[in-house]
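User: Please take a close look at the aromatic rings in this model. I would like to know what they pair with and what sits over them.

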Amino acid sequence: MAKHKIAVIPGDGIGKEVIAAGQEVMAALTRTTSGLDLEFKDFPWGSDHYLTHGRMMPDGATDELKTFDAIYFGSAGDPRVPDHVTLWQLRLAICQGFDQYANIRPTRVLPGLKSPLAGVGPGDIDWLIVRENSEGEYSGAGGRVHQHLPLETGVDVTIITREGARRILTFAFEQARARARKKLTFVTKSNAQRHAMVLWDEVFEDVKGAYNDVQSDRMLVDAMAARFVNDPASIDTVVATNLHADILSDLAAALAGGLGIAPTGNINPERAFPSMFEPIHGSAFDIMGRGIANPLGSFWSAVLMLEHLGEANAAARLMRAIERVTGEGRALTRDLGGQATTADTTQAVIRALESG
């Protein structure tokens, strides 16, 4: 029995609430699953740390995180701190520092939940969105000149490298190959962005030749957004650049029932560094402290983490418990049309685990 060391960074806003709920659920999962051993260590980094110390996390933070098997993350964002500070000094500092270049976002309509799309229910949306997570539009390349003058200029540069594109496209094709339908849609915008996006296209053409068993097609990002709404059943695995997949995956979560249920994994496929798992909903300061945040996204993120750690049985048990609770419909939070509190939903999932 291997012990898995997990670093816990609740971060900001409702991140503290849903990650605490996730730890509670994983403690119950450990009690009820033979051979599962999870050890957690909490790190109180985030905007509160910034307001006290001037930094989102202390010197040497990433060196300490390297000693863990995975990272369980809540959110970054606080109205008292500029957004670019909270993101770049915490979440992106970890993602880029640990070369977590593959972001995965599974999307399904869970039992008992409703899509805003007419006639779409469980089984009609079953997607995996693969997001390039280290370069693209969020590489950080650029700058500002002539600050505070009439000619002030801000520039952000889209960075696509041949190797960066190759590795994420290879990862996406491998993910598509492992899924039942073996389909992949490649998203681009090379009609308007004629340099970086054309390179992105060229690498796709190079890589797909090694995956003749995977049916692939190519779409412009605006057309893909429309396809999400108009023809969801045609979609299986999707791969896109950092910005495009960021936007498309939020749309996907909304179409599957809401941002509150959506998980994500920031993966270093070579396992040279720990990977990080988080719900995608953000810090949601408007509901912080009210006890009504939806914890299901943090639970589903724990499923992804357990799968990554090789704990397939525990991951499947937790996913079944989540689906049992959504299917029964008695412990759904307000964003899903119910009246349950965070604690209500958490306890319902724990009861589902304890009952087998």
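Analyst: Start with a charge over a ring. In this predicted model, the charged end of Arg 167 sits over the ring of Tyr 101, 3.8 Å from its centre. Lys 5 does likewise with Phe 68: Lys 5 lies over the face of that ring, 5.1 Å from the ring centre.

Now the ring pairs. The whole structure holds eight aromatic pairs. One of them joins Phe 68 to Phe 43. This pair is edge-to-face, with 85° between the planes and 5.6 Å centre to centre. Phe 43 is in the loop between strand 2 (37–42) and helix 2 (47–53). Phe 68 is in the loop between helix 3 (61–65) and strand 3 (70–75). The two residues are 25 residues apart. Both Phe 43 and Phe 68 are buried.

Phe 98 and Phe 273 also pair, but stacked. Their planes are 10° apart, and the centres are 5.4 Å apart. Here the pair links parts of the chain 175 residues apart. Phe 98 is in the loop between helix 4 (83–97) and strand 4 (102–108). Phe 273 is in the loop between strand 11 (263–267) and strand 12 (275–279). What about burial? Phe 98 has 1% relative accessibility, so Phe 98 counts as buried. Phe 273 has a relative accessible area of 27%, so Phe 273 is partly exposed.

Last, a cluster. Ring pairs link Phe 173, Phe 186, Trp 200, Phe 204 and Tyr 211.

Conventions:
Residues numbered from 1 in each chain as written. Predicted model: local features only at pLDDT ≥ 70, side-chain atom pairs only at ≥ 80, totals over all residues. Heavy atoms only, no water. Phe/Tyr/Trp six-rings, centres within 6.5 Å; stacked < 30°, edge-to-face > 60°. Helix = DSSP H or I, 4+ residues; strand = E, 2+ residues; numbered from the N terminus. Buried < 20%, exposed > 50% of the residue type's maximum accessible area, 1.4 Å probe, protein only. Lys NZ or Arg CZ within 6 Å of the ring centre and 35° of its normal.
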